[in-house]
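The sequence and structure come first.

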Amino acid sequence: MCRWIAYSGTPIFLSRVLFDTRHSLIDQSLHSRLGVETTNGDGFGIGWYVPDVATPAVLRDTGPAWNDRNLHDVAHHVRSGMFFAHIRATTGTAVQQTNCHPFRRDRWLWMHNGAISEYGLLRRDLALAVDPALYAEIEGSTDSELMFYLTLTFGLDDDPPTAVARMAGLVEETGHRHGVRHPLQMTVAVADGERLWVFRYSSERASRSLFVSAEVDALRALHPDVDFLQQVSEDTRLVVSEPLGDLPGAWKEVPENSCGVIQPGLDVFQAFQPR
């Protein structure tokens with residue numbers, strides 16, 4: 001499987017969460033505590049938004065994140081108020097740049113941890129459901145990218161939760177038709193540069209780990225000596241596959257089979273059900 005981080009809030013250097021925390025994403029690439037695999041070395045990617053540019057930037061490569069000099073340099077020089085980072089452990093598809101997350105189309109970024117069970121069996125049927133106008137843009141061979149293009153097909157631009165629910169419903173219906181008992185396992189992040197949506201769902205009701213950071217004002221009261229908390233806005237949030245440290249009260253588990261939107265003002269989490 002994989003590990004990932006999504007950040008939304010006060011612009012910071014990417015290195016603050018990729019390198020500088022006790023259990024940073026780079027540490028997780030070697031020493032994952034909650035993942036299926038301890039080591040996630042089959043490629044990495046980062047995607048970030050900057051003011052006055054309509055589309056996000058993306059950097060992806062096939063090597064392990066822990067010794068990539070370009071990643072280190074970019075992370076210590078790029079500041080962003082919304083960014084994704086992902087370390088990959090392949091579930092069977094090739095280790096190649098086009099299979100690394102996050103995936104991008106127009107203003108959208110998408111990344112995924114999990115798998116479509118028996119993907120080779122289901123892939124053709126699922127691919128045929130992609131809008132023909134979008135299909136030629138698929139570059140890699142992963143279930144994750146195909147899930148993204150199915151979600152685009154089902155109306156991501158208009159209603160992200162409904163589009164993801166329709167994608168999940170199609171995967172489950174297709175899987176069951178082919179005799180796959182538990183077709184889908186996913187934690188997903190998708191963003192448009194202004195809002196961030198996250199999803200935690202599995203057909204077997206045993207989803208991969210996912211956590212969201214607690215409200216900044218509450219954490220300031222608990223930990224007035226932590227400089228980072230004094231420097232970011234109350235709207236700042238991180239969503240992570242694994243907590244980045246052991247700061248008491250800092251992390252809340254995202255409920256099983258739920259989705260949420262991280263946005264200025266009020267974050268909203270609700271039950272998630274495939275359609």
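## Largest cavity

The element that contributes most to the lining of the largest cavity is β6, which supplies three residues. The model is predicted. Besides β6, α6 also gives two or more residues to this lining. The largest cavity has a volume of about 80 Å³, and the structure holds two cavities of 30 Å³ or more.

In total, 13 residues line the largest cavity, and Cys2, Thr91, Gly114, Asp143 and Ser144 lie nearest its centre. By class, the lining consists of nine polar, two nonpolar and two charged residues.

## Second largest cavity

The second largest cavity has a volume of about 50 Å³. Its lining has nine nonpolar residues, two polar residues and no charged residues.

The residues that line the second largest cavity are Leu18, Leu25, Ile26, Phe44, Gly45, Ile46, Ala65, Leu71, Ala85, His86 and Ile87. At least two lining residues come from each of α2 (25–31), β2 (44–48) and β4.

## Helix α6

Helix α6 spans residues 143–153 and is mostly covered, with ten of its eleven residues buried. The buried residues are Asp143, Ser144, Glu145, Leu146, Met147, Phe148, Tyr149, Leu150, Thr151 and Leu152. Among these, Asp143 and Ser144 are also listed with the residues nearest the centre of the largest cavity.

Against which elements do the buried residues of α6 pack? The helices are α4 (119–127), α5 (132–135) and α7 (160–177), and the strands are β5 (103–105), β6 (108–116) and β7 (184–191). After α6 comes Gly155, which has a positive phi near 105°.

## Largest pocket

The largest pocket contains about 530 Å³ of space. The elements that give two or more residues to its lining are the helices α1 (15–18), α8 (216–222) and α9 (227–231), together with strand β10 (237–240).

The lining of the largest pocket comprises 22 residues, and those nearest the centre are Thr21, Val226, Phe228, Leu247 and Trp251. Sorted by class, the lining residues are 13 nonpolar, five charged and four polar.

## Second largest pocket

In the second largest pocket there is about 340 Å³ of space. It is lined by 19 residues, with Tyr49, Gly81, Met82, Gly193 and Glu194 closest to its centre.

Which element supplies the largest share of the lining of the second largest pocket? That share, four residues, comes from β4. Strand β4 also supplies at least two residues to the lining of the second largest cavity. The lining of the second largest pocket divides into eight nonpolar, six charged and five polar residues.

## Arg237 in strand β10

Strand β10 contains Arg237. Is this residue buried or exposed, given its relative accessible area of 8%? Arg237 counts as buried because the value of 8% is under the 20% limit for buried residues.

Two polar partners are found for the side chain of Arg237. One is the backbone oxygen of Glu234, reached at 2.9 Å. The other is the side chain of Asp267, with which Arg237 makes a polar contact, also at 2.9 Å. Apart from neighbours within four places in sequence, Arg237 is in contact with Ala6, Tyr7, Ser8, Val212, Ser213, Ala214, Glu215, Val216, Ile262 and Asp267.

## Cysteines

How many disulfides are counted? The count is zero. Cys100 takes part in no disulfide, and the nearest cysteine sulfur, that of Cys2, is 9.4 Å away.

Cys100 is buried, and its relative accessible area is 1%. Cys259 is buried as well, with a relative accessible area of 5%. Cys2 is one of the residues nearest the centre of the largest cavity.

Technical notes. Residues numbered from 1 in each chain as written. Predicted model: local features only at pLDDT ≥ 70, side-chain atom pairs only at ≥ 80, totals over all residues. Heavy atoms only, no water. Buried < 20%, exposed > 50% of the residue type's maximum accessible area, 1.4 Å probe, protein only. Contact = heavy atoms within 4.5 Å. Disulfide = S-S within 2.5 Å. 1 Å grid on protein atoms, 1.4 Å probe; cavity = no way out; pocket = protein on both sides within 12 Å on 5 of 7 lines; lining within 4 Å. Points joined across faces, edges and corners; volume = space filled by probe spheres on them. Nonpolar A, V, L, I, M, F, W, Y, C, P; charged D, E, K, R; others polar. Polar contact = N/O pair within 3.5 Å; in protein donor to acceptor, adjacent residues only side chain to side chain.
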